[in-house]
Amino acid sequence: MVKIKRFGEWCEILVPPEWEGYTVDFIFRTLWSAPKKQAHTMRMEKRVLVNEEPANWTKSLHTGDKLRLHFFQEEDFGVIPSYLDVDVLFEDDHLLVLNKPAGMDTHPNSPGQNNTLANAAAFHLQMQGEKRSIKHVHRLDRDTTGAVLFAKHSLAGAIMDKKLEEREIKRTYLALAHGKLQQKKGTIRESIGRDRHHPTRRRVSPKGQPAVTNFELIETYSRGNLSLIKCRLDTGRTHQIRVHLSHLGYPLAGDLLYGGQPVFPRQALHAVKLEIPHPFSDETIVCHAPFLDHPEIFKGVDPYAF
């Protein structure tokens with residue numbers, strides 16, 4: 001494990017034995033896959049120190065060296081900080097995971113919008129005396145609940161974007177779908193594109209973007225003729241689970257847009273777990289998101305069992 005501490009605006013990493021002989025340049029380019037422009041800026045502005053001196057980016061590091069990085073300078077939030085009642089599932093100096101309720105956008109869709117999860121994240125930082133641009137790493141639909149990951153500074157954001165792209169961040173969802181799923185588990189590989197007949201709806205389309213959903217039947221309920229399905233995403237297309245399960249003939253309960261019946265006030269979809277490889281410490285962070293609906297949608301289901 002990599003040891004990390006914060007000192008004011010600086011983050012200190014003690015070089016672990018497995019980094020012996022690595023250069024700062026190698027760490028940024030290869031270990032962290034940092035964008036070239038961002039690494040160049042930190043290099044030119046001398047925002048990386050080794051043992052209190054400006055780093056020589058091509059010199060080998062040694063176990064126990066103190067690598068300091070200027071991460072935590074003040075920045076504009078980028079959104080309007082607004083108090084909203086949202087639970088924190090995980091937080092450290094680099095990452096923040098919030099449990100999004102239904103009826104809330106992940107981020108503003110217009111300049112003055114202030115009732116989104118991103119506004120709540122900014123307010124949370126502001127209340128801790130921090131002023132930094134916070135960035136969502138992935139999104140949930142307005143009426144989908146559950147865990148959403150934010151990065152608290154730009155390098156963490158860039159690293160997590162890359163990890164999401166490379167499928168290193170594992171996202172587990174629970175869905176209640178109409179009908180009794182016949183297949184116990186499987187993978188849906190159907191490209192998804194816009195539906196030209198509707199402004200927001202998506203559809204399975206050979207000309208769309210590749211989309212992969214892994215699913216597993218957890219339980220069927222005779223009452224209501226519903227199936228509880230666990231889904232894991234390899235891609236993150238808009239409405240992906242909703243489109244894929246509807247395409248199979250099992251639309252989500254409550255999902256009127258994709259053929260579901262109005263048995264619930266929203267589509268029955270919840271992001272129940274996030275498994276996050278930490279950008280710097282080599283730890284894997286596991287976050288479970290408790291259900292938020294009143295009245296309950298996922299009755300009798302333990303969100304910590306997945």
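Let's start with a charge and a ring: the charged end of arginine 68 sits over the ring of phenylalanine 7, 4.5 Å from its centre. (That wording calls for CZ of Arg, or NZ of Lys, within 6 Å of the ring centre and within 35 degrees of the ring normal.) Keep in mind that this is a predicted model, where local features need pLDDT of at least 70, side-chain atom pairs count only at pLDDT 80 or more, and totals for chains, interfaces and linings use all residues. Residues are numbered from 1 along each chain as its sequence is written, and side-chain values use heavy atoms, with hydrogens and water left out.

**Rings**

- Tryptophan 19 and tryptophan 32 have ring centres 6.3 Å apart and planes at 70 degrees, so they're edge-to-face.
- Tryptophan 32 also pairs edge-to-face with phenylalanine 280, at 5.0 Å centre to centre and 85 degrees between the planes.
- One aromatic cluster takes in Trp19, Phe28, Trp32, Trp57, Phe71, Phe72 and Phe280.

**Domains**

- The domain assignment, which comes from an automatic or database source, gives domain 1 (3–69), domain 2 (87–166) and domain 3 (171–267).
- Taken over C-alpha atoms, the centres of domain 1 and domain 3 are 44 Å apart.

**An exposed aspartate**

- Aspartate 85 has 64% relative accessibility, so it counts as exposed.
- Its C-alpha atom is 9.7 Å from that of leucine 117, which is 32 residues away along the chain.

**The largest pocket**

- Both domain 2 and domain 3 give residues to the lining of the largest pocket, so it lies between them. (On a 1 Å grid over the protein atoms alone, a pocket is an open set of points where a 1.4 Å probe fits, with protein on both sides within 12 Å along at least five of seven lines; lining residues have an atom within 4 Å of a point.)
- Its lining has 34 residues, with Arg139, Asp141, Gly236, Arg237 and Thr238 nearest the centre.

Key
Phe/Tyr/Trp six-rings, centres within 6.5 Å; stacked < 30°, edge-to-face > 60°. Buried < 20%, exposed > 50% of the residue type's maximum accessible area, 1.4 Å probe, protein only.
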